[in-house]
Amino acid sequence: MEPILLLAHTEADGSLGKPALEALAAAKNLGGELHVGLAGAEAQPAADVAAGAGAARIFAVTGEAFAQPRYATDAAAAEALLRASGAGMAIAAGTSRWSRALAGVAFRLGGRIDTHATALDIRNGVPAVTRWFYRQRLEAVLTRSQRPWMVLLDTGCVAAWSGAAGVARVETVAIPAVETRTTVSGTRSPEAGEQTIRPDAKLLFVAGAGWTKKQADGATHAPEAEKLILDFLRASQASLGGSKSLVDLSGEGEAVLRFMTHLNQIGQTGATPRHPKGLSTCCHGEEPHAVGWRFIGQRRAVNLDANCGWARGKADVLYVADAFEVIREMNALLEG
Ligand SMILES: Cc1cc2nc3c(=O)[nH]c(=O)nc-3n(C[C@H](O)[C@H](O)[C@H](O)COP(=O)(O)OP(=O)(O)OC[C@H]3O[C@@H](n4cnc5c(N)ncnc54)[C@H](O)[C@@H]3O)c2cc1C
């Protein structure tokens, strides 16, 4: 079995974030000699964790320049770490940082990269990568003869490494000065009012356009819908998803759910999050939306229409009910 290199950028305190710990577990599970390559301002805490996981060699590129996510420095660090390790295969978490930098590194080294991997294992004695194609419609298992082969592992697919830390001997990798044009001055997030996307939540709560439509009394009730949904999210700590129809309405600045942005959209042209359970409300459950539910363990929906898309094999349970009434009642139970 060839050596496997885990590439990870460290957090501000030098530790490994959850995505990196997931990638560490995936790399270790392959069973080859484990190398770990770290980039960041500081690396010793992460290196100690890697030592505890049984890493045979631990390399690090450290310095303030590597604290900030920036293509030039991240790519230079990854390239140097790969060259120092000599491993043919490198695994990294599919963070925005590595997703931006590693394709360029694979190109520089004449290798290949596969993104959005959901599993890694050994088939016929060689590493194999599982990933989905065509917006989660087809699952494929790939092996490659080209090296270096870099793999970005989607977050939430593998249980994070959680063993005790060891005492690491770090091999410092020096790299030539990197020319950069980018200075990171800070982070600006979309104005979503409050944080509603929670990838680690047990429940995905989806709101569809029905929340903004005329109800039985012939009127719309957007302010009440907003309050019901936000109260539910606060009490349940669920992650909020939306249908395309709803997030498009919000994008047009109409008087709808003000905390809903395109980042919340689930589906073919949106996100495919991973949560053990999902609850859809006021959403029809059309195929382009429901395809984003591929990795939701148990699916339930509340819709007034007994003939909606969820009823056609897309949900495990469909409650034919008024979502305003259901969520009002649930909030009372959660708060009681
Ligand atoms: C190329 C392409 C890509 C697309 N990508 C996506 C995508 O990524 N994500 C996505 O979501 N869509 C996507 N769509 C759009 C998708 O086909 C649907 O148009 C969209 O999902 C509909 O949103 P909705 O169910 O919220 O709204 P609607 O279809 O308007 O459904 C509203 C539902 O609310 C119910 N309702 C109303 N009031 C209540 C109440 N009080 N209680 C309970 N139920 C109530 C109604 O019965 C109805 O079923 C895509 C379409 C195309 C063509």
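The largest nonpolar core has 34 residues, of which V36, L38 and L120 touch the most other members. A nonpolar core is a set of buried Ala, Val, Leu, Ile, Met, Phe, Trp, Tyr and Cys residues joined through side-chain atoms within 4.5 Å. Buried means under 20% relative accessible area, exposed over 50%, and partly exposed in between, with a 1.4 Å probe and protein chains only. In soluble globular proteins, nonpolar side chains tend to be buried together. The model is predicted, so local features need pLDDT of at least 70 and side-chain atom pairs count only at pLDDT 80 or more, while totals for chains, interfaces and linings use all residues. Residues are numbered from 1 along each chain as its sequence is written, and side-chain values use heavy atoms, with hydrogens and water left out.

**Nonpolar cores**

- Helices (H or I, at least four residues) and strands (E, at least two) are DSSP runs, numbered from the N terminus.
- Helix α1 gives the largest share of this core, seven residues.
- A second, separate core of 24 residues includes A77, A78, A90 and L102.
- Beyond its neighbours within four places in sequence, V36 is in contact (heavy atoms within 4.5 Å) with L5, L6, L24, A50, A55, R57, I58 and F59.

**Helix α3**

- Helix α3 (residues 71-85) has 15 residues and should span 21 Å at 1.5 Å a residue, which agrees with the 21 Å between its end C-alpha atoms. The expected span is 1.5 Å times one less than the number of residues.
- Because 12 of its 15 residues are buried, α3 is largely enclosed by the rest of the structure.
- The buried residues of α3 include A72, D74, L81 and S85, and its buried residues pack against β1, β2, β3, β4, α4 (96-108) and β8.
- After α3 comes G86, with a positive phi near 75°.

**Two individual residues**

- L240 lies in strand β11 (residues 239-242) and counts as buried, at 2% relative accessibility.
- Leaving aside neighbours within four places in sequence, the contacts of L240 include T196, F205, I229 and M260.
- Along the chain, L240 and I266 are 26 residues apart, and their C-alpha atoms are separated by 9.5 Å.
- P3 is placed in the segment before β1 and counts as partly exposed, at 28% relative accessibility.
- P3 and G88 are 85 residues apart in sequence and 7.0 Å apart in space, C-alpha to C-alpha.

- Helices α6 (244-251) and α7 (287-290) each supply at least two lining residues.

**The whole chain**

- The protein chain has eight helices and 14 strands, and 49% of its 336 residues count as buried.
- Among contacts between residues at least 6 apart in sequence, 66% join residues at least 24 apart.
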